[in-house]
Amino acid sequence: MKILWFDHGFSCPTGSGGTRSYQFARNLVDAGHEVTIVCATEFMSSSGLTGPFRSDRREGSLDNIRIIEFNRAGGVAIGHRLRARLRYAAALAGLGARTDADLIVSTSASLSGVFPAIFAKLFRGKPFVFDARSRRSSVDRARGLSFPPVTWLMSALEACAYRAASEVIATGDNIAEVIGECGVERFNVEVVPLISDRGLYGPCERMLPSDVFPTIRPDSLVAVFSGRIETGHRLDDALDAAELLMQRGRNDIDFLLIGDGAGRAALAKAVSARQLNNVTIAGTVGRDQLAPILDNCDIGLQLLEADPDIHAGAT
């Protein structure tokens with residue numbers, strides 16, 4: 001079977017993004033299917049391709065998975081970026097219209113791939129599976145990341161995708177409940193949790209945080225956060241805790257914040273202003289390197305806004 005998979009933020013294990021689509025694709029290839037991944041260049045992801053872009057597009061193969069990657073950067077000017085995104089949307093629509101795939105898959109990581117998937121389902125009779133990893137509209141609205149008209153359109157598009165899909169995959173029971181509220185029968189929804197890269201977290205080489213990040217003190221207890229640094233993650237709470245520990249003279253506890261995002265610069269500025277020498281902002285780390293680092297940390301941090309829309313719409 002030929003499968004066309006739209007995942008805007010596709011990443012292999014050498015990137016810092018989630019590897020769910022990669023792991024799915026690997027298993028499908030091992031089962032004898034042909035998989036083509038369509039993605040865009042993302043700052044925390046790695047498609048595994050290294051060749052040059054030609055007309056903002058490059059193609060290649062990784063672990064017998066065909067990959068088509070688009071460069072949406074488009075330069076610094078807003079007009080250039082907008083044109084790049086419009087070209088990207090048009091390219092996806094063209095792929096959906098011309099594909100000879102037997103099955104279309106699209107993810108909620110970005111809704112860009114939903115349009116061609118719905119088009120292929122309605123006008124070409126292609127089965128469409130929607131991998132719903134979050135309720136993007138409700139999460140972005142709660143975090144204040146989008147204007148109300150944009151989140152309304154996103155919500156409408158998500159509902160259309162749920163109803164148009166032949167089957168829906170949800171990453172948690174909370175996502176399945178939201179999908180059910182959109183009128184989708186529960187038997188059309190399969191819950192597959194976010195455990196795709198659990199193979200990385202088996203026995204691995206010892207990698208102490210202090211060996212990788214010089215600002216982490218040897219033999220200290222390490223509390224770690226790994227993910228996007230953006231609105232919705234209450235990392236200011238981690239800074240408050242770090243400052244309190246410094247005031248109490250606890251020099252045996254360090255905070256390690258791994259990731260990148262729109263809030264990183266402001267977070268780094270706050271760390272500097274408060275002179276927190278027990279906080280390290282490490283930037284992005286490939287998932288193949290992240291596993292042994294996390295294995296040697298002591299406390300995991302998951303700090304979210306106390307907003308029911310975020311908890312209901314995210315996994």
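Predicted model: local features only at pLDDT ≥ 70, side-chain atom pairs only at ≥ 80, totals over all residues.

Mentor: Let's begin with Phe 70, which is buried, with a relative accessible area of 6%.

Trainee: Which ring does Phe 70 pair with, and is the pair stacked or edge-to-face?

Mentor: Phe 70 pairs with Tyr 88. Their ring centres are 5.7 Å apart and the planes meet at 65°, so this pair is edge-to-face. The cut-off that matters here is 60 degrees, since planes over that angle count as edge-to-face.

Trainee: Where do Phe 70 and Tyr 88 sit in the chain?

Mentor: Phe 70 is in strand E4, residues 65–70, and Tyr 88 is in helix H2, residues 78–98. The pair links distant parts of the chain, 18 residues apart.

Trainee: And Tyr 88, is that buried or exposed?

Mentor: Tyr 88 counts as buried, at 4% relative accessibility.

Trainee: How many aromatic pairs does the structure hold?

Mentor: Six aromatic pairs. Another one of them is Phe 10 with Tyr 22, where the centres are 6.4 Å apart and the planes are at 55°, so that pair is tilted. Phe 10 lies in the loop between strand E1 (2–6) and helix H1 (20–30), while Tyr 22 belongs to helix H1, so the pair ties together parts that are 12 residues apart in sequence. Both Phe 10 and Tyr 22 are buried.

Trainee: Which residues form an aromatic cluster?

Mentor: Phe 128, Phe 130 and Tyr 162 make up one aromatic cluster.

Trainee: OK, back to H1. Which of its residues are buried?

Mentor: Arg 20, Ser 21, Tyr 22, Gln 23, Ala 25 and Val 29 are the buried residues of H1. Just after this helix comes Gly 32, with a positive phi of about 100°.

Trainee: Which residue follows H3, and what is its phi?

Mentor: Gly 125 follows H3, and its phi is positive, near 70°. Helix H3 itself covers residues 114–124, and its buried residues are Val 114, Pro 116, Ala 117, Ile 118 and Ala 120.

Trainee: How does E5 connect to E1?

Mentor: E5, residues 103–107, runs parallel to E1, and four bridges join them. Phe 6 has Ser 106 in E5 as its bridge partner. E5 also pairs with strand E6 (residues 128–132), again in the parallel sense and over four bridges. There, Ile 104 stands opposite Phe 128 in E6. Phe 128 is also part of that aromatic cluster.

Trainee: Which way do the residues of E5 point?

Mentor: Leu 103, Val 105 and Thr 107 point one way, and Ile 104 and Ser 106 the other. In a regular strand the side chains alternate between the two faces of the sheet. E5 is mostly covered, with five of its five residues buried.

Trainee: What about Val 38, buried or exposed?

Mentor: Val 38 counts as buried, at 1% relative accessibility. Val 38 lies in strand E2.

Trainee: Last one: what order do the strands take in the four-strand sheet?

Mentor: That open sheet runs E11-E10-E9-E12, and its pairing is parallel. Its edge strands are strand E11 (279–283) and strand E12 (299–300), which each pair on one side only. Two bridges join strand E9 (residues 221–226) to E12, and Val 224 has Gly 300 in E12 as its bridge partner.

Key
Residues numbered from 1 in each chain as written. Heavy atoms only, no water. Buried < 20%, exposed > 50% of the residue type's maximum accessible area, 1.4 Å probe, protein only. Phe/Tyr/Trp six-rings, centres within 6.5 Å; stacked < 30°, edge-to-face > 60°. Pairing = 2+ DSSP bridges.
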